[in-house]
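Subject: Structure handover

Hi,

Here is the structure we talked about. My notes follow below it.

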Amino acid sequence: MSAVELTFTVNGRPRVVEIDPAETLLGVLRDRLGLTGTKEGCNEGECGACTVLVDGLPVDSCIYAAAATAGRRVETAEGLTHDGLGRELQAAFVAAGGVQCGFCTPGFITTLVAVLREDDKPSEEDVRTALAGNICRCTGYSQILDAVAATISGRNER
Amino acid sequence: MTVIGERVPRSDGQTKVSGEAIYGVDYAEPGMLWGALLRSPVSAGRITRLDTTAAAAMPGVHAVLTAADAPDVHAGWVLRDQRLFATDAVRYEGQPIAAVAADTLAQARAAAAAIVLEIEPLPAVVDLVRAMAPDSPLVHPGWESYVPAAGPDFPRRGNIAAECIADPPGVDEAFARAHRVISDEFVAQRQYQAYIEPKSAVGIFRDGRYTVHTAHQFPYNVRDRVSQFLDVRPSAVRVVGHTIGGGFGAKLDASLEPYAALLSKVVGGSAVKLVNTRTEDLLTCPCRENALTRLRSAVDADGNILARELEVIADNGAYSGEMPWLASIALHCARGVYRCGPTRVVSRLMYTNTAPTGAFRGVNGTYLYHAVERHMDHIATELGLDRRDYRLQQLITDGAEMPNGQVLADAGILREGFDAVESVAPWAELQAGRRPYRGIGIGAAWWVTNPMPGTAVVKLHEDGTVAVITAATDNGSGAVSMGVTQIVAERLGIPPTDVFVTMPDTDVAGFDAGSQGSRTTRIVGKASQLAADEVVEKLRGVAAGLLEAAADDLEVADGTVRVKGVPGNSIPIAEVAVAATNTVGPVQGTGSFVTPFPDFNPGCATGLMFPSFPTPTYHVHLAEVEIDPVTGNVRVLRYVVAQEVGRVISPDGTYGQVMGGVTQGIGYALHESLRIGEDGRYRERTLESYRLPLATDIPRVEFVPLEHPDPDGPFGAKGVAESPVLLPAAVIANAVSDAIGAPLNHIPIIPEDVLAAIQGSAGDVRSDEEVAP
């Protein structure tokens, strides 16, 4: 397959990369841009470890065509370190014990940034439902929910 | 100020949440090649043609290896029954037959797919009972030629990979005079560890030695396995650990590492990386074994158990891994935690043409406790006794002697556990509040803290911070990033943020038995505490001169060395460190620790390879469930755990292990299952069909820690992480059976089975009329 040029924004920076037309967004992020914070757990859109935001919406980057992001904004875990809400969630995950092995964590935080940007006070049930596409094998989810609750209440205090 | 028992953020937390942490799958070397394996597509057969010519000529390919290119040796953790590549016979789907190294992963996989492979299929040995029959085909016709990796051989023959038998006197006599004999049979399926990071490895052959980069629970075991397979001495292999994306027991033995190492050697030293696809990972993972358990109890009119027989037949898969060591766990679980007369135990591990099974959190215990606790419910129900009262009546107490002769001095903690659960979820209230299709279940267990050795060096920097050099792995539990870190910080009176623990490197750190059996906080924590003690002694010695005081009058606290009772007369640790470096030399301490096996009766059984349970802990669980009578779905409404933990070092870490372990147990009870077809192949092949617990499935676990500090443990710590998975299948099965009024003895309890049970026992299901007004 002949290479094509992809122009998009990754974590606020304009990027131009040569890609194969069939390449996944996950492959481009990890292998071409070295953004290994986005993880491959299953390569079939089941586990959510590869979740990134495309124009603010969470997608499974392992089954998302990189070419479809042309001209669009992509945010990954690395980028969310420089986002106010992303940073709050990251700190809350560490403080609440929401991280164990951590392999799923970037995907969880990415999904949650999208959820909380949309609705800054979701119920726990809404959060559970929103997280049904992200699998954590370590925590049993409770301390992740605690981290979300702490983030919500922290935001409401200000 | 103490940091023990305090909420301390894990030291690797920020790098994990930000995506900076380098996991095994993220690790790369300059000029690295990629590898791929050709794996057997069938479970049993004979290789009739294997031609790598075309594959070797494909673009980007550097090497294609088969059995002919590997040393002619057998390897294995307990029994040397494996070869690196299949030679003639293939014995399970997924067994490696050839390996490729190429410039890119796509090229490597394409070349592996282009290898010409023809296999004459043979009937697969799958059924555990039929595998025992004298006319069954043998999975290993040459089983007699295999030798143990260490020590004397153990009971095994034909398809029986290991056997443990206890046959004390008086069993048959007790059955002959029993008021009732209660019998049950239980079936448990395989469970996949399903860590989210698939296995990977990078191998490098350089300067005549192999270096392997891997994210692994037990780096020293990888060293040993690579050395066996590649026929070099262990010190010719260096294993470097990286952040691990979950393991739960599946990353305790080598997997891709020896292939990566050998490929690197053959291609002339370039690094070679292999990574499993999710399907490869699932098909070849040493998952929790399926098992058939039969229980018979002879009881008197009061429910006293006069004698018991337990027979368990467990699936070893095609090769042995760690499993033969674990067969004798059946002996330790056969009575559960209840009084019982002479107990006959027959535990057999069967070779089959399926993927080798292995360790998964709560090894063997999950289905053994499921069987024992379902059986206790059955006895109570038969005799018309309340299920909780009956357990309390039969509960073992301080000084109880277990079937292996081990005496449990502190078994009375179990009653405290029942009381703690009662305080959170009173049994009578739950009974009174019963509604249709709701049920409750309760159960209890005892368990081991893995005793195997560990060591640590605590090295003091001249700025007053310390490094802890150890081959221990934090598999995510926080045992290193919180537990060991807190223990060293506490001992030295410095903040946990001033303690840096290295990643494992077998060239640097001494032997460590890996992240298994809840051992790290206790064993490595204790070794680190001893190492820190040595640092403290050296600091006091040097500071004595600086403070013009006797060393015995000094203490190390609050970042200083100071005269006891004279807080003003102190000197910062950093200054003492600098002074020490320039006078007596740099300060470091070393500690090593291993827990001895408790006394047992060696004559109690044959094949007693896991003779007793060191550092026992005690556990009581309760579940309340609700069944949807239309769909058959089971929902866990409440889950309560009372667990003896020695002492809580990290409350977040402790709760995280309980919550996470129970969640894996709920999945095991209700839906997680690798089903084996008659052809020996798994039905489930991806995470789409292998369903894992989701955020919408699991209630918050209500947890009561019971603290009984162990004088030998670091600040009293015992094992915590493994045991929460032991009882969910038991208590959920009891709760579902209670809700339906019919026994459900197979796990997982899938909706079809629930519906069939409801239809089969329509008269028994509690209806609205039966509910007290």
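Ala194(B) is buried, because its relative accessibility is 1% (buried means under 20% relative accessible area, exposed over 50%, partly exposed in between, with a 1.4 Å probe and protein chains only). This is a predicted model. Ala194(B) sits in the loop between strand S10 (180–188) and strand S11 (200–206) of chain B. Helices (H or I, at least four residues) and strands (E, at least two) are DSSP runs, numbered from the N terminus. The phi of Ala194(B) is near 55°, a positive value in a residue other than glycine.

Conventions, briefly. Residues are numbered from 1 along each chain as its sequence is written, while chains are lettered from A and ligands numbered from 1 in the order in which they are written. In this predicted model local features need pLDDT of at least 70, side-chain atom pairs count only at pLDDT 80 or more, and totals for chains, interfaces and linings use all residues; side-chain values use heavy atoms, with hydrogens and water left out.

More on chain B

- Phe248(B) also has a positive phi, near 60°, and is not a glycine. Its place is the loop between strand S13 (237–241) and helix H6 (257–266) of chain B. Phe248(B) counts as buried because its relative accessible area is 12%.
- The peptide bond from Ile747(B) to Pro748(B) is cis, with omega near 0°. Pro748(B) is in the loop between strand S31 (746–747) and helix H19 (751–760) of chain B.
- Thr211(B) belongs to strand S12 (residues 209–214) of chain B. Thr211(B) is buried, because its relative accessibility is 16%. Leaving aside residues up to four places away in sequence, Thr211(B) touches Val202(B), Gly203(B), Ile204(B), Arg238(B) and Val240(B). Contact means heavy atoms within 4.5 Å.

Confidence

pLDDT is the predictor's confidence in each residue, from 0 to 100. Chain B averages 96, and 98% of the residues score at least 70. Over residues 763–773 of chain B, pLDDT stays under 50. For that stretch the model has 19 contacts beyond four places in sequence. Where pLDDT is low, the predicted coordinates should not be read in detail.

Sheet in chain A

Chain A has an open sheet of five strands, in the order S2-S1-S5-S3-S4, with mixed pairing. Two strands pair if DSSP finds at least two bridges between them. Strands S2 (13–19) and S4 (57–60) of chain A stand at the edges; each has a single partner strand, so one side of each lacks a neighbour in the sheet. The twist averages 40° from one strand to the next. Axes are lines fitted to C-alpha atoms, for helices over the stretch in contact, and angles run from 0 to 180 degrees between N-to-C directions.

Strand S1 (residues 4–10) of chain A runs antiparallel to S2(A), joined by seven bridges. Val4(A) has Ile19(A) as its bridge partner in S2(A). Helix H4 (residues 105–118) of chain A lies across S3, S4 and S5 of chain A, at about 35° to S3(A).

Domains of chain A

Chain A is divided into domain 1 (4–76) and domain 2 (80–157). These bounds come from an automatic or database domain assignment. The C-alpha centres of the two domains of chain A lie 21 Å apart. In domain 1 of chain A, 15 residues are in contact with twelve residues of domain 2 of chain A.

Best wishes
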